[in-house]
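Open the model in your viewer and keep the selection panel at hand. The tour goes stop by stop.

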Amino acid sequence: MWNDRITRPEPERTQPIRSWTQTLFGMPPPANGERASAAPLEDVVSRSVELGYRVVDDYLREGQRVAERFGGRGFGADALVGDMQQLTARMARYTSDVFEVWFQLLQLAMGGRVRPPENAAPAAPVAAPEAPAASRIRIAVDASQPTEVVLDLRPDAAGRRLLVHALRPADGGEGARLGDVSIEPDAGGAVVRVRVPPRHPAGVYNGLVIDEETTCPAGTLSVRVGVP
Amino acid sequence: MSTDPVLALLDEYGAATRVALCDYLRPRAPHRHLYALVADYPRRGGRMLRPSLCIATARAFGATVEDALHAAVALELLHNAFLVHDDVEDESDARRGLPTLHALHGVPVAVNVGDALILLGVRALIDGHGRLGTRITMRLLEEAERMARESVEGQAVELGWRRDNAVGLAEEDYLAMVLKKTCWYTTIFPSRVGHLIATRSDGDLDRFVRFGFFLGAAFQIQDDVLNLAGDARRYGKELGGDLWEGKRTLMIISLLRAASADERIRLERFLARPRRARRAADVRWVRSLIDTYGCLDYARRVAHALAGAARHEYEALYASLPDSPDKRFIAALPSWVLSRA
């Protein structure tokens, strides 16, 4: 009875069809036993040129896609001027944003004992650079000491999967790090969690925010821990 | 001087580059195991295609020879660095008619010499700062980094094919590898850099990728053909060396497709062996099979087609420029790369 064993038929091919001309135009390359040069000259020419354009255009498209993802630009004059304008706008925007976040976090850490300065001028309206897709970042701090958190993200970091490693002391020393920090996806954005252990040494702790996909820096996270 | 527009400018710009190159090849310590050897490959000669294309492109767009000379020297130094490293990686025996550097002095010394040539190439680009300014120098360094990255990526692909005994390759795989491994540093980079130096503007540098790809691919296929069917005295490298090294050339890719089932099995076994385990009789068998199936003729036809596309891309890039010896040189290159013996 074992002679009637059912076996799987031999597959017609064991490798993917990798010739796009064969796939698209049904133009098979020289088959087994056939002279490679037997194809008419005009077929070889047109197929080779089509193939060449396909390869180089795919390459250029891939390069453009990667360049856009990395935000890579050269040192051209236009790029430099654009950089300066963007940098100025970003600095102004970040400064006003950062002060606001600092104040809110200080207030949180001090149990609402801090009041905003009466004469605090509203943040100057700044023409925002071309805004990336909107993304909401929530910051959750668990600390028994006064703590300020500054998250400085590149504009193109919105919507990316981010991660942050343990924060190092800003003075460059080898003292205690601030290890319990994370960035996790949250509804419509992300949540930055910072936990400062009790009696943690006062000081400023910094770390890079990394884009998980490209592994490129996407910003910085800075935490100032006050004296208990 | 030659009346051929290509040979005439190769002579002229090659000579100018060689003179400037001397500044970087002067004897100094440590001499015996480094700087004497750094000068070895550059002094063996060479066509000077890359520096000449760079200078000609710069001049065609309005620059002077002097503007492009540091970049031309850098190209030649980087080219020689790649040759030293490639010879080690390919286990090649001969280069420009003489034993390869690692065959003469051992792999560790040769790798270090290659490293030194790369650094000298970077130095040459930096030395152009006084003439070209900070921004263009930075752009040239950026372009050099891109070129080197593309080249090592292409080399990695080809080495991987040999290491893993890839036998299911298609022509597009070969062309994509050649685009990175050969075209970027042979034709794309010299053209882009020449344009950048002359115009001080990035413009649309991607246009030079298309032109450089078709020109460089035709050049590489013709080089592979010469490796099998060239004039042994003029070729300079080991004739048939690509077969000994198991390189996946267009001829081998088309042969793997055209061969009968039995021949293919034997061919795959041959390709799977390391170079030192390959026998002369097997190399002769593969070579005869290439003739049997017309793979050399097929590769020549593909090279001609790609050279035609290069000429088409040339028209799009250079048509608006005034006539000049440099423009005629570039126009003649697609035909010239095919006429090399």
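**Stop one: a core residue**

Select B:Ala299 in this predicted model. Leaving aside neighbours within four places in sequence, B:Ala299 is in contact with B:Ile221, B:Asp224, B:Val225, B:Leu250 and B:Met251.

Now widen the selection. B:Ala299 is among the residues with the most contacts inside the largest nonpolar core.

**Stop two: chain B as a whole**

Show chain B as a cartoon. Chain B has 17 helices and two strands. Of its 341 residues, 48% are buried. Next, consider contacts in chain B between residues at least 6 apart in sequence: 77% of these join residues at least 24 apart.

**Stop three: a helix pair**

Select residues 107–127 of chain B, helix 7, and residues 129–163 of chain B, helix 8. How do the axes of these helices cross? They come within 7 Å and cross at roughly 140°. An angle over 145 degrees would count as roughly antiparallel; helix 7 and helix 8 of chain B are therefore oblique to each other.

Helix 7 of chain B supplies B:Val122, B:Leu125, B:Ile126 and B:Asp127. From helix 8 of chain B come B:His129, B:Thr137, B:Leu140, B:Leu141 and B:Ala144. Colour by class: this contact between helix 7 and helix 8 of chain B has six nonpolar, two polar and one charged residues.

Notes:
Residues are numbered from 1 along each chain as its sequence is written. Chains are lettered from A and ligands numbered from 1 in the order in which they are written. This is a predicted model: local features need pLDDT of at least 70, side-chain atom pairs count only at pLDDT 80 or more; totals for chains, interfaces and linings use all residues. A nonpolar core is a set of buried Ala, Val, Leu, Ile, Met, Phe, Trp, Tyr and Cys residues joined through C-beta atoms within 7 Å. A residue is buried if 20 or more other C-beta atoms lie within 10 Å of its own, exposed if 12 or fewer, and partly exposed in between; C-beta atoms are placed from the backbone. Two residues are in contact if their C-beta atoms, placed from the backbone, lie within 7 Å. Helices (H or I, at least four residues) and strands (E, at least two) are DSSP runs, numbered from the N terminus. Axes are lines fitted to C-alpha atoms, for helices over the stretch in contact, and angles run from 0 to 180 degrees between N-to-C directions. Angles under 35 degrees count as roughly parallel, over 145 as roughly antiparallel, 65 to 115 as roughly perpendicular and the rest as oblique. Ala, Val, Leu, Ile, Met, Phe, Trp, Tyr, Cys and Pro count as nonpolar, Asp, Glu, Lys and Arg as charged, and the others, Gly among them, as polar.
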